[in-house]
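Thanks for coming. The structure should be on the screen now.

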Amino acid sequence: MQQADRFAEILALAYNNPGGSVTLSAYTAVLIIPVVINIDTKHVQEALNAHNYGTNAKQEADLLHRFNMPEIPPIMGPAVLIDMASVMLLWSLPEVLSSHFQDLMWGALSPINAMLSRSVSEPTANGTWHIVHRNFDGADMQGCLNFSPAWFQQGRNVKVSATLKARNPDQGGRDWLKQMMVPSAVLSAAMAIMHPDLYSMGHEAVIRLYQDLAMPHSDDPAFAEMAEMLRLWLSVFTATSVMVNCSTPFHRDHNSRVQWYDLLASIGTYVSTWF
């Protein structure tokens, strides 16, 4: 309940604060308010193609110049970012997660510690940035795992992700899911405030996966397993990535849309980090 109250307070502060900025030093202006940027993000999105991953510095510089994108100072306090068409691009809610809530989420990592370690590629191996060795800092706990009660595989049926399968010799993923039930529910409740339409659609999608797909075919072991995991899945997102002590290179998820949100919950203590 205390964490829910904290969310309500910070969400209201982010939405209602008047415009303005503060100066932390002689050189750094820091935004603490709803920020309106003078671009039409839908037009920018339409200019991108499937190969614009955001990793090419020259292409990004050309894009900034083409659309005359302003530089945005660091956002340090509760704030929302809005474009010139009044599309709310993101909510920034620093310190919204209490220390107790963060402890719950960090404690839930214990059962998947071994799985996390195995997810990191060998130093000489190639791989995506999610698992490539150079993006991890050598901490005792590190790695990147994906969890989903209904993982989509192209050309195949929807199935439970490998991290949650009953046949996985390491059942830590299921223990993680059980320990994350309360945090997942609270984070989803915040999404109901930030983006009610997305929350409703995500909530309906999870219900339909259970009622219209998993349960009618519960005699099939794969669908029975899906139903079991969906009963424990309290997030309105159908997939979650857990990244621990990982540096994320600048990139763009090109299959998304301006009006769609991801939810990033950062826990723990770190330095020299920007989101």
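This is a predicted model: local features need pLDDT of at least 70, side-chain atom pairs count only at pLDDT 80 or more; totals for chains, interfaces and linings use all residues.

I start with helix α9, residues 221-232. At 1.5 Å a residue, the twelve residues of α9 should span 16 Å, and the end C-alpha atoms are 17 Å apart, which agrees.

Which residues of α9 are buried? They are Phe223, Glu225, Met226, Ala227, Met229, Leu230 and Leu232. Note that Glu225 is on that list.

Now the packing of α9 on α6. In general, a pair of packed helices is described by the angle between the axes and the distance between them. For α6 and α9, the axes come within 9 Å and cross at roughly 35°. On the α6 side the contact is made by Arg174, Leu177 and Lys178, and on the α9 side by Glu225, Glu228, Met229 and Leu232. Sorted by class, that contact has three nonpolar residues, no polar ones and four charged ones.

The second pair is α7 and α8. Here the axes are 5 Å apart and the angle is about 135°. That angle makes α7 oblique to α8. From α7 the contact takes in Ser188, Met191, Ala192, Ile193 and Met194, and from α8 it takes in Pro196, Leu198 and Tyr199. By class, this contact of α7 with α8 has seven nonpolar residues, one polar and no charged.

Staying with α7: this helix has 14 residues, and the distance from its first C-alpha to its last is 20 Å, close to the 20 Å expected at 1.5 Å a residue. Its buried residues are Pro183, Ser184, Val186, Leu187, Ser188, Ala190, Met191 and Met194. What covers the buried residues of α7? The cover includes α1 (2-16), β5 (88-92), α4 (99-107), α6 and α8.

Ser235 sits in the loop between α9 and β7. Is Ser235 buried or exposed? Its relative accessible area is 11%, and the cut-off for buried is under 20%, so Ser235 is buried. Setting aside residues up to four places away in sequence, Ser235 touches Ser184, Ser188 and Val206. The side chain of Ser235 also reaches the backbone nitrogen of Phe237, at 3.0 Å.

At 24% relative accessibility, Thr240 counts as partly exposed. Apart from neighbours within four places in sequence, Thr240 is in contact with Leu145, Asn146, Phe147, Trp176 and Trp233. As for separation along the chain, Thr240 and Pro149 are 91 residues apart, and their C-alpha atoms are separated by 9.8 Å.

The loop between β6 (143-147) and α6 holds Asn168. Asn168 counts as buried, at 18% relative accessibility. A polar atom of the Asn168 side chain lies 2.9 Å from the backbone nitrogen of Asp170. Not counting residues up to four places away in sequence, Asn168 touches Met115, Ala162 and Thr163.

The other is Ser98, in the loop between β5 and α4. A polar atom of the Ser98 side chain is 3.1 Å from the backbone nitrogen of Phe101. Leaving out residues up to four places away in sequence, Ser98 touches Gln3 and Arg6. Ser98 and Arg6 are 92 residues apart along the chain, with C-alpha atoms separated by 7.8 Å.

To finish, the chain as a whole. How many helices and strands does the protein chain have? There are nine helices and seven strands. Of its 275 residues, 36% count as buried. Among contacts in the chain with a separation of 6 or more, 69% are between residues 24 or more positions apart.

That is what I have.

Key
Residues are numbered from 1 along each chain as its sequence is written. Side-chain values use heavy atoms; hydrogens and water are left out. Helices (H or I, at least four residues) and strands (E, at least two) are DSSP runs, numbered from the N terminus. The expected span of a helix is 1.5 Å times one less than its number of residues. Buried means under 20% relative accessible area, exposed over 50%, partly exposed in between (1.4 Å probe, protein chains only). Axes are lines fitted to C-alpha atoms, for helices over the stretch in contact, and angles run from 0 to 180 degrees between N-to-C directions. Angles under 35 degrees count as roughly parallel, over 145 as roughly antiparallel, 65 to 115 as roughly perpendicular and the rest as oblique. Contact means heavy atoms within 4.5 Å. Ala, Val, Leu, Ile, Met, Phe, Trp, Tyr, Cys and Pro count as nonpolar, Asp, Glu, Lys and Arg as charged, and the others, Gly among them, as polar. A polar contact is a pair of N or O atoms within 3.5 Å; within protein, one must be able to donate a hydrogen and the other to accept it, and residues adjacent in sequence count only if both atoms are side-chain atoms.
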